Amino acid sequence: MNLGYVPHSTLLAWIDQHGCVGKVKRAWTWWQNPDGERGLAPSHGIRYLYRGQSRRYWSCTASIARGMTTRARALGELEPHEQLRLVADLIRVNWYAEILKSHPVFEWARGERYALDRTALAQHYELATGYIDLTESMEVALFFACCELRDGRWEPRTKGRGILYRVDWVGSNEAIGFGRIKWIDLQPFARPHAQWAWTMELMLGEDFEDLPVVEAVSFDHSAALGERLLDLFDGGEALMPVDPLQEWATAIKHSRLLPVANGIATIEDLSRNGLDIGTKDMQEVLRQIEAENDVRFESEVASPADPATLAKMRDDWETKKQAFIETLKGVVILVRTSKEEDAAR
């Protein structure tokens with residue numbers, strides 16, 4: 001990875017020259033699978049994506065692999081305690097993805113065959129997954145690199161050295177493989193939209209900095225840079241609007257009780273993909289996960305998606321649904337035709 005250094009004055013100039021907030025109008029194009037499932041792809045000319053960090057870490061890995069000391073490329077190569085920790089994290093993602101099905105937006109999307117990536121949302125709402133966060137907004141990336149939350153208030157970082165990564169999305173498919181970088185497309189969830197959110201899948205043991213499509217610059221933190229970004233995003237509130245999906249994710253992330261059904265489903269799925277944690281006895285595997293992660297599996301675990309919260313969400317969605325549908329109607333539709341049809345035009 002190419003790593004340079006820039007003064008904060010250069011970053012301020014880049015925000016003016018290359019920033020997208022208030023300047024770029026996002027545009028979308030429909031795609032559709034043969035089975036009828038459809039979704040949206042960005043069509044407003046994106047080439048580069050960004051990631052900001054308050055400092056450079058010795059290894060920049062997917063959130064689910066952070067803290068692991070074994071640089072394994074396969075689940076079976078991890079130490080047993082690391083396997084058990086990883087499985088517990090995936091069980092939480094499985095639980096969150098299941099709960100999302102009850103959200104009125106996802107109920108509507110299923111009826112419309114409209115694809116929404118639940119794992120990408122889990123990553124964006126700070127659950128540990130095999131993804132890493134990216135954004136198409138340089139300013140958003142710099143905000144999270146240059147500002148920190150202290151006692152409920154975002155403030156500028158003034159000490160240390162931050163890092164801004166840039167990813168060549170256009171060159172990514174050929175260099176690292178198709179489909180590893182994904183956009184969180186047009187949807188009515190406030191936070192991903194405000195943060196111009198994307199995700200990138202990293203393989204186990206893979207370092208983000210080692211990828212050929214990544215370059216970066218480091219910079220010294222300064223009050224001037226942090227304050228400029230705080231002004232741009234209303235003290236951080238514009239990027240972190242109140243969102244029940246965050247409340248669900250936080251509850252699941254810190255819960256010491258996990259649903260046994262999600263545990264079994266996750267382990268069975270991993271077993272089909274080559275995971276072997278030393279036993280084929282499902283109950284023994286669950287006991288090992290409990291012991292290693294200080295959790296307990298139960299058949300009935302209270303869901304963060306309680307009836308009152310869901311009822312409020314349905315009311316809120318009913319007030320927004322028609323406007324969102326009208327937005328979708330304005331999306332350009334591309335229709336693939338045969339060569340014979342093209343020749344007849």
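Visitor: Is Asp234 buried, partly exposed or exposed?
Guide: This is a predicted model, so the answer is computed from its coordinates. Asp234 has a relative accessible area of 55%. The cut-off for exposed is over 50%, so by that rule Asp234 counts as exposed.

Visitor: And where does Asp234 sit?
Guide: Look at the backbone: Asp234 has a positive phi of about 50°, although it is not a glycine. As for its place, Asp234 is in the loop between helix H8 (223-232) and H9.

Visitor: Which loop holds Glu126?
Guide: Glu126 isn't a glycine either, and its phi is positive, about 80°. With a relative accessible area of 44%, Glu126 is partly exposed. Its place is in the loop between H4 and S5.

Visitor: Which residues lie closest to the centre of the largest pocket?
Guide: That pocket holds about 1300 Å³ of space. It has 48 lining residues, and the closest to its centre are Arg51, Arg66, Gln123, Glu126 and Asp133.

Visitor: How many residues of the largest pocket's lining are charged?
Guide: Among the elements that give two or more residues to this lining are strand S4 (48-53), helix H2 (80-100) and helix H9 (244-254). Sorted by class, the lining has 20 nonpolar and 15 polar residues, and the charged ones number 13.

Visitor: What about the second largest pocket: which element gives the largest share of its lining?
Guide: This one has about 500 Å³ of space. Its lining has 18 residues, with Trp31, Leu40, Ile181, Lys182 and Trp183 nearest the centre. By class, there are 12 nonpolar, 3 polar and 3 charged residues. The largest share, 3 residues, comes from S9.

Visitor: At which residue does H12 bend?
Guide: The angle there is about 45°.

Visitor: Which elements do the buried residues of H12 pack against?
Guide: First, pick out the buried residues, those under 20% relative accessible area. In H12 they are Leu310, Met313, Trp317, Phe324 and Leu328. They pack against strand S2 (28-32), strand S3 (38-42), helix H3 (104-112) and H9.

Conventions: Residues numbered from 1 in each chain as written. Predicted model: local features only at pLDDT ≥ 70, side-chain atom pairs only at ≥ 80, totals over all residues. Heavy atoms only, no water. 1 Å grid on protein atoms, 1.4 Å probe; cavity = no way out; pocket = protein on both sides within 12 Å on 5 of 7 lines; lining within 4 Å. Points joined across faces, edges and corners; volume = space filled by probe spheres on them. Helix = DSSP H or I, 4+ residues; strand = E, 2+ residues; numbered from the N terminus. Nonpolar A, V, L, I, M, F, W, Y, C, P; charged D, E, K, R; others polar. Bend = angle between axes of the 7 residues up to and from the residue. Buried < 20%, exposed > 50% of the residue type's maximum accessible area, 1.4 Å probe, protein only. Contact = heavy atoms within 4.5 Å.
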